[in-house]
Amino acid sequence: MPIDTHAHYIPPQLLGAIERKGSEIGVRLVASGGATPAVHFDYGFKARPFFPLLVEPVARRVAWLDQQRIDRQIVGTWPDIFGYGLGKDTCIAWHRMLNDTLAEWCADNSKRFSWIGSVPLIDADAAAQELERAAGLGACGVIISSNIENVNIGECSLDPFWRKAEALKMPVLIHPVLVGAAPRASKFGLAQIAQYTFDTTLGVGSLIMTGVLDRFPGLILVLSHGGGAYPYLVGRFDIMHRRMDRAAQSDVAAQMPSAYAPRMIYDSIVHSPKPLRFLIDQVGIDNIVLGTDYSFPPADMEPLALLHAAGLSAADSEAIADGNPRRVFSRIA
């Protein structure tokens, strides 16, 4: 019974809530001139218009799941609209709105969908409280970004949040986000190809080097898009960990960076058989979960076909598609 662990959705309940109450917290729904609206924030950030698949009718999403023989999809909101530039109180209110509306939609469609929450990560205590509240609403995990307003996630003071996620055994999906200009990645799809995976790699490196995984050994981190470039660059991480001025760099990792590779979970979104086999060799079959990134242009729209193309055994394919997701996201079992 395959489970897609990495997908995104914007429920109609959220669009209605923004129209009714968004202006009170600095969030507005704006017509884009196209088929879908966009979210603008009063602090200046203007998200791109929603991708059509982000807001598609549920029947169309279910038809695709049926076509791909996927039993269940775990959906999170779009990281571009986390709104981390909002003030503390409005950011808290915004993530409550995000979680309440996604919880409501998933409750109406619980046969095929589960959800992961989001949190106001600009305040660690508030993020921990919202994580616990989301768990009470039925979330099976949480999605956060690799950076907070261009500060690497590991360099932010988030220990209360990490502690709560560890205590609740809530998997944390680390997802890239781009909220500023990236001129060199503006053409040729380089933002999707390289910038986002680059962001994940920076976020993971900062989490390792600042000792987050040492302080919270039970933390379940799920890395987007096969972990970005981290699995490929572990040797380079190790060299710099050994050779840098660790005190000057504030590198407090207790082990070599490669030692943390099998302690994290990686989705299967690498788009090619050889990279998938490499990832399995690097981190172990038990640490790979099926994912699609459904809703966005680089999504893997045939995830089970990739497992077949990689020449995996039936047992290994079943582990990635079913056994591992149910173990990692244990609240959906």
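This is a predicted model: local features need pLDDT of at least 70, side-chain atom pairs count only at pLDDT 80 or more; totals for chains, interfaces and linings use all residues.
Colleague: How do you know that the side chains of D322 and R326 meet in a salt bridge?

Modeller: The distance from N to O is 2.4 Å. A salt bridge needs a side-chain nitrogen of Lys or Arg within 4 Å of a carboxyl oxygen of Asp or Glu, so this pair qualifies. Both residues sit in helix 12 (residues 314-328), four residues apart, which is about one turn of the helix. Salt bridges with shared partners also join D71, D322 and R326 into one network.

Colleague: How many salt bridges are there by this rule?

Modeller: The count comes to twelve. One of them joins the side chains of K164 and E132, at 3.3 Å from N to O. K164 belongs to helix 5 (residues 159-168) and E132 to helix 4 (residues 124-137), so the pair ties together parts that are 32 residues apart in sequence.

Colleague: Why are K164 and E132 called partly exposed?

Modeller: K164 has a relative accessible area of 24%, and E132 has one of 41%.

Colleague: What makes D159 and R215 a salt bridge?

Modeller: Their side chains meet at 3.0 Å, N to O, and the cut-off is within 4 Å. D159 lies in helix 5 and R215 in helix 7 (residues 212-215), so this pair ties together parts that are 56 residues apart in sequence. R215, at 41% relative accessibility, counts as partly exposed.

Colleague: Let's turn to pockets. Which helix gives the largest share of the lining of the largest pocket?

Modeller: Helix 6 does, with four residues. The pocket holds about 500 Å³ of space, and its lining has 17 nonpolar, seven polar and three charged residues. Q192, I193, Y196, T197 and H225 lie nearest its centre.

Colleague: Which helix gives the most to the lining of the second largest pocket?

Modeller: Helix 6 again, with six residues. About 410 Å³ of space lies in that pocket, and its lining divides into seven nonpolar, seven polar and three charged residues.

Key. Residues are numbered from 1 along each chain as its sequence is written. Side-chain values use heavy atoms; hydrogens and water are left out. On a 1 Å grid over the protein atoms alone, a cavity is a set of points where a 1.4 Å probe fits but cannot get out, and a pocket is an open set with protein on both sides within 12 Å along at least five of seven lines; lining residues have an atom within 4 Å of a point. Grid points are joined across faces, edges and corners, and a volume is the space filled by probe spheres set on the points. Helices (H or I, at least four residues) and strands (E, at least two) are DSSP runs, numbered from the N terminus. Ala, Val, Leu, Ile, Met, Phe, Trp, Tyr, Cys and Pro count as nonpolar, Asp, Glu, Lys and Arg as charged, and the others, Gly among them, as polar. Buried means under 20% relative accessible area, exposed over 50%, partly exposed in between (1.4 Å probe, protein chains only).
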